[in-house]
Amino acid sequence: MSPGPFGGGESALLRDVRRELDEGGLHGSFLVRDLGTGEEIGIDPDLDHPIASLVKVPLAAATLERVRRGELDGAEPIRVEPGRVTTPGPMGLTRFRHPAWAALEDLVYLSTSISDTAAADALFALTPPAGVARWLESAGLRGLSVRHTLSGLHETPAERLDPGEAHLAHTLAIQAGTPGRGHGLALLDATRANAGSARALVELLQALWRPSAVHPEVAERVRELMGANTLRQRLAPDFASDAAAWSSKTGTLLNLRHEFGVVEHADGQAFAVAALTASRVPATVQPAAEALMGRTARRLRDHLRGG
């Protein structure tokens with residue numbers, strides 16, 4: 001892949017983008033790649049970050065590959081224990097108060113398209129993290145570390161505090177990091193959590209949207225699931241239109257706000273986008289940060305697109 005259009009130095013555009021992110025209280029990594037030409041532009045795209053719910057995409061692909069091979073039955077009813085999560089944010093079975101049954105392939109939909117963590121952990125019970133890691137390796141995809149299931153995503157300090165004290169959990173998340181990308185909270189520690197870089201995520205998108213070692217049937221279904229993503233508040237406002245389709249997966253954990261996906265234009269151009277960010281603002285609801293993420297990714301895409 002091309003290292004980008006700026007050679008060894010950083011362009012005025014990237015310096016301006018970094019400044020705007022800093023002023024908005026965000027830091028992190030971005031990468032945008034033209035899937036037709038391989039040209040790309042980014043900010044710190046090779047740094048590893050905890051990826052939270054973004055891991056549900058390789059989980060979906062690994063599960064669907066096992067269904068394709070006949071190792072799993074997509075129609076098999078699976079009993080899912082209730083998540084009983086009451087804090088704002090999670091959806092689906094994660095909020096259920098009683099056990100439920102759902103077909104395996106429907107759990108893949110719930111896990112990927114509405115980011116249902118209870119559904120994801122039911123899938124991890126069938127294909128553990130090591131199995132997902134083996135699928136990534138078999139597809140020639142490196143740089144994504146799948147180390148654990150997802151139940152812990154709803155067992156953070158935020159769930160132990162009253163709603164009016166949620167800012168304290170975010171303060172802990174912001175202040176407990178180390179210079180080596182470690183963290184006092186395991187789920188925010190890039191060396192212990194499910195983790196990866198913006199580049200590794202873009203490589204996964206490339207493999208799903210273009211011919212690769214990923215089986216075409218599996219890639220097509222994952223694309224459909226990402227196209228059905230119900231969480232549209234982050235990058236979608238800057239990419240989705242009547243002339244462009246946006247397919248993606250979000251990831252949120254305390255002060256982390258991520259999204260990666262592909263925008264496909266009516267003229268045939270397609271761009272893979274990965275945005276991995278952390279906020280320095282101790283607040284749960286941050287629409288300005290969501291908008292800044294989208295604006296940043298859009299500026300990078302516009303540069304590659306030439307407009």
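Residues are numbered from 1 along each chain as its sequence is written, and side-chain values use heavy atoms, with hydrogens and water left out. Because the model is predicted, local features need pLDDT of at least 70 and side-chain atom pairs count only at pLDDT 80 or more, while totals for chains, interfaces and linings use all residues.

Helices (H or I, at least four residues) and strands (E, at least two) are DSSP runs, numbered from the N terminus. Five strands form an open sheet in the order E2-E1-E10-E9-E8. Their pairing is antiparallel; two strands pair if DSSP finds at least two bridges between them. E2 and strand E8 (244-253) stand at the edges. Each has a single partner strand, so one side of each lacks a neighbour in the sheet. From one strand to the next, the twist averages 10°. Strand E1 (residues 26-34) pairs with E2 over four bridges, in the antiparallel sense. Phe 30 stands opposite Ile 43 in E2. Helix H9 (residues 216-227) lies across E8 and strand E9 (256-265). H9 runs at about 75° to E8. Axes are lines fitted to C-alpha atoms, for helices over the stretch in contact, and angles run from 0 to 180 degrees between N-to-C directions.

A nonpolar core is a set of buried Ala, Val, Leu, Ile, Met, Phe, Trp, Tyr and Cys residues joined through side-chain atoms within 4.5 Å. Buried means under 20% relative accessible area, exposed over 50%, and partly exposed in between (1.4 Å probe, protein chains only). The largest core has 58 residues. Leu 107, Trp 135, Leu 208 and Phe 260 have the most contacts inside it. H8 gives the most to this core, with nine residues. A second, separate core of 24 residues includes Trp 246, Val 263, Val 273 and Ala 289. Contact means heavy atoms within 4.5 Å. Not counting residues up to four places away in sequence, Phe 260 touches several residues, among them Leu 54, Val 57, Leu 201, Met 226 and Val 273.

Ser 111 is found in helix H3 (residues 104-113). Its relative accessibility is 1%, so Ser 111 counts as buried. Beyond four places in sequence, its contacts are Lys 56, Leu 59, Asp 116, Ala 119, Ala 120, Leu 123 and Lys 249.

Side chains of opposite charge can pair when their charged atoms come close. The structure holds 23 salt bridges, each a side-chain nitrogen of Lys or Arg within 4 Å of a carboxyl oxygen of Asp or Glu. Arg 299 and Asp 16 meet in one of them (2.8 Å, N to O). Arg 299 lies in helix H11 (residues 287-305) and Asp 16 in helix H1 (residues 12-23), so the pair ties together parts that are 283 residues apart in sequence. Arg 299 is partly exposed at 26%. Asp 16 is also partly exposed, at 26%.

Asp 46 forms a salt bridge with Arg 199, with the closest N and O atoms 2.6 Å apart. Asp 46 lies in the loop between strand E2 (40-43) and strand E3 (49-50), and Arg 199 in helix H8 (residues 198-209), so this pair ties together parts 153 residues apart in sequence. Arg 199 is partly exposed at 23%.

Arg 68 and Glu 65 form another salt bridge, at 2.8 Å between the closest N and O atoms. These residues are three apart in helix H2 (residues 56-69), which means a separation of about one helical turn. Arg 68 is partly exposed at 36%, whereas Glu 65 is buried at 7%.
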